[in-house]
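User: I'd like to learn how to read a structure like this one, feature by feature. Can you walk me through it?

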Amino acid sequence: MEHIPTTNKKLINWVNKMAKLCGPVRIVWINGSDEQKLTLEKESVKSQELIRLNQEKLPGCFLHRTAHDDVARTEHLTFICTKKKHDVGPNNNWMSPAAAYNKAKAIFKGAMAGRTMYVIPFSMGPVGSPFSKIGVELTDSRYVVLNMLIMTRCGDAVLRQLEKDDDFTKCLHSKAQLDIKKRLILHFPEDNTIWSVGSGYGGNVLLGKKCLSLRIASFLARKEKWLAEHMLIMGIEEPNGHVEYVTAAFPSACGKTNLAMMIPPEGLKNKGYRIWTVGDDISWMRVDSDGSLWAVNPEAGFFGVAPGTNSKANPNMVETIKKNTIYTNVLLKPDNTVWWEGADGEVPAQGIDWKGNPWKPNTLDAEGKPIKGAHPNARFTTPIMNCPSASFRIEQHHGVPISAIIFGGRREHVAPLVYESFDWQHGVFVGATMGSELTAAQVGKLGTVRRDPMAMLPFCGYNMAEYFKHWLSMGKLMAKPPKIFHVNWFRTDESGKFLWPGFCENLRVLEWILDRCNNKVNALQTPIGYLPYPFNIDMTGLSLTEEALEKLFKIDQEEWLEELKGIHKFFTDFKKDLPKELWEQYRALQKRLKSYAK
């Protein structure tokens with residue numbers, strides 16, 4: 001056993017206890033140094049866990065392939081383990097703590113035999129910030145260590161912080177045999193503990209990410225009166241240097257990362273805006289002494305989906321991933337660079353696909369479907385500081401002040417381009433009822449609306465009815481709550497064509513949102529909220545017809561009354577736990593819609 005770089009008894013005892021269970025041959029403490037990182041990279045290449053990519057074209061970059069049945073979050077094997085089943089609500093899978101520990105211990109027993117156990121002390125959020133939480137992950141995967149070094153603040157600085165306060169989330173992970181029949185992702189919020197076994201996929205094994213930053217953090221946030229949310233944080237700087245910050249929550253496939261680091265469109269260039277990326281995925285928010293809401297991004301990196309990432313969708317991300325990036329399940333080109341469906345440039349004539357097999361374009365599988373070079377959920381982990389638009393306030397212990405909270409989904413009809421809620425309570429209703437229509441990539445009937453409140457349905461670590469109550473109560477703690485908005489970039493015309501160009505043009509909508517926050521423009525009151533007067537959205541350089549604009553902002557009474565039926569069905573899932581305020585908002589909307597004549 002090597003030198004133990006801490007005097008924290010609670011930590012040392014826990015590490016020893018878990019080592020006894022898992023049986024590693026040695027224990028290595030991660031100190032965050034470049035030397036240790038280089039050693040781990042060399043060992044990973046030697047063991048073929050990583051492939052070193054073309055260092056001239058992609059310096060510091062590597063490729064990793066996961067097991068073929070281990071390519072995404074396994075939600076049906078993800079459990080919240082609390083004493084009472086009711087506490088996890090209809091939005092989570094439940095297992096009793098006793099049953100979960102017993103079941104997992106049987107798989108963990110001796111799982112690290114012949115392997116090294118790595119001890120990763122990590123901080124979610126700037127080390128020492130009042131916003132931040134510390135975790136320690138034990139793992140037998142070098143891939144996990146190298147990704148955690150990108151995604152979190154790791155090493156000795158975190159151990160020094162733990163000398164002052166021994167409160168940390170105990171995170172245990174082992175690849176074990178990577179057997180899907182022996183795979184479990186277990187959260188014990190009452191014990192501040194996470195156990196993950198049998199997976200090597202980032203979303204299941206980088207335990208600082210969704211496991212701690214959302215599932216455990218949401219539980220802690222309710223107790224401690226703050227918010228842990230599945231939201232981007234971005235700053236919009238005006239030419240005079242004034243920066244305003246917004247957070248935004250979208251379900252997957254709605255362009256969250258692209259929005260977080262957009263480049264202003266040509267039509268608005270003369271206004272001199274600049275976008276600052278604070279985070280693309282998670283926002284922790286607290287009410288400050290000034291009575292307003294402040295946010296930090298607990299992460300230090302991006303865990304992004306590769307397919308579809310290109311210079312049109314997200315030029316800043318394309319720049320970000322050119323160095324010190326770990327790619328997972330993408331195509332390897334003959335020149336030792338990488339490619340995926342939707343990437344820039346020509347489709348390669350050949351390569352090695354994500355399963356490690358020779359690949360050529362237009363090759364069909366046994367069912368006559370094209371074989372993809374990259375897995376549809378292929379990923380990259382990359383440091384946030386690589387990003388050209390990375391905010392200078394990422395390491396700010398105090399976070400950034402939030403002017404607006406934006407919710408959004410993928411809706412072909414019903415929801416207009418943008419609307420503002422009447423107040424905080426109505427805004428919580430808007431967030432609680434948001435949803436997206438299923439796309440071809442998702443299981444289910446196309447066009448079916450899947451409700452995903454605040455984009456938190458898979459990540460809320462407790463009963464979502466209680467989560468809605470928590471949101472409602474947070475509004476009462478603020479002297480100046482942010483305004484709440486809903487956006488929909490995906491409205492279509494009769495032929496299914498998008499009415500709004502999206503991508504960088506979305507800044508035009510954000511400009512209106514900030515104008516509303518600063519009381520610069522009036523708005524039209526409708527049954528669903530405040531809508532922009534079209535002349536208040538700067539359309540310079542955009543050739544949108546008046547007809548298209550009208551459709552973008554249309555409130556169809558019949559469609560909305562139909563929408564209410566879906567909301568009613570969703571709300572009843574929570575039975576008597578749903579806060580009465582949300583039913584009041586529901587009935588008020590119904591009343592306004594019925595008397596709406598247009």
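**Helix pairs**

Analyst: Let's start with helix α10 (residues 424–432) and helix α11 (residues 464–477), which pack at an angle of about 155° with their axes 9 Å apart. That angle makes α10 roughly antiparallel to α11. Keep in mind that this is a predicted model.

User: What two things describe a pair of packed helices?

Analyst: The general idea is that you give the angle between the axes and the distance between the axes.

User: Which residues of α10 and α11 meet?

Analyst: From α10 you have Trp424, Gln425, Val428 and Ala432. They meet Phe468, Trp471, Leu472 and Gly475 in α11. Sorted by class, the contact of α10 with α11 has 6 nonpolar residues, 2 polar ones and no charged ones.

User: Let me try another pair. At what angle do α14 and α15 cross?

Analyst: Helix α14 (residues 557–572) and helix α15 (residues 580–594) cross at roughly 165°, and their axes come within 10 Å. The two are therefore roughly antiparallel to each other. As for the hand, α14 passes α15 in a left-handed crossing.

User: And which residues of α14 and α15 meet?

Analyst: On the α14 side, look for Gln557, Trp560, Leu561, Leu564, Ile567, His568, Phe571 and Thr572. On the α15 side, look for Leu582, Trp583, Tyr586, Leu589, Gln590, Leu593 and Lys594. By class, the residues of this contact of α14 with α15 come out as 10 nonpolar, 4 polar and 1 charged.

**Salt bridges**

User: Show me one. Which residue does Asp140 form a salt bridge with?

Analyst: Asp140 pairs with Arg115, and their closest N and O atoms are 2.8 Å apart. The pair links distant parts of the chain, 25 residues apart. Asp140 sits in the loop between β6 (133–139) and α4 (142–151), while Arg115 sits in the loop between α3 (97–108) and β5 (116–124).

User: Is Asp140 buried or exposed?

Analyst: At 6% relative accessibility, Asp140 counts as buried.

User: Which residues are linked in a network of salt bridges?

Analyst: One such network links Lys209, Lys210, Lys256, Asp281 and Glu299.

**Backbone and surroundings**

User: Now the backbone. What is phi of Ala176?

Analyst: Phi of Ala176 is near 50°, which is a positive value in a residue other than glycine. You'll find Ala176 in the loop between β8 (169–174) and β9 (184–188), and at 7% relative accessibility it counts as buried.

User: And where is Ala253?

Analyst: Look in the loop between β13 (243–249) and α8 (256–260). Ala253 isn't a glycine either, yet its phi is positive, about 70°. Ala253 is partly exposed, with a relative accessible area of 45%.

User: Last one: what is Leu184 in contact with?

Analyst: Leave aside its neighbours within four places in sequence, and the contacts of Leu184 include Leu77, Phe79, Met95, Ile107 and Trp195. Leu184 is found in strand β9 and is buried, with a relative accessible area of 5%.

Key:
Residues are numbered from 1 along each chain as its sequence is written. This is a predicted model: local features need pLDDT of at least 70, side-chain atom pairs count only at pLDDT 80 or more; totals for chains, interfaces and linings use all residues. Side-chain values use heavy atoms; hydrogens and water are left out. A salt bridge is a side-chain nitrogen of Lys or Arg within 4 Å of a carboxyl oxygen of Asp or Glu. Helices (H or I, at least four residues) and strands (E, at least two) are DSSP runs, numbered from the N terminus. Buried means under 20% relative accessible area, exposed over 50%, partly exposed in between (1.4 Å probe, protein chains only). Axes are lines fitted to C-alpha atoms, for helices over the stretch in contact, and angles run from 0 to 180 degrees between N-to-C directions. Angles under 35 degrees count as roughly parallel, over 145 as roughly antiparallel, 65 to 115 as roughly perpendicular and the rest as oblique. Contact means heavy atoms within 4.5 Å. Ala, Val, Leu, Ile, Met, Phe, Trp, Tyr, Cys and Pro count as nonpolar, Asp, Glu, Lys and Arg as charged, and the others, Gly among them, as polar. A crossing is left-handed if the near helix is turned anticlockwise from the far one by less than a right angle, and right-handed if clockwise.
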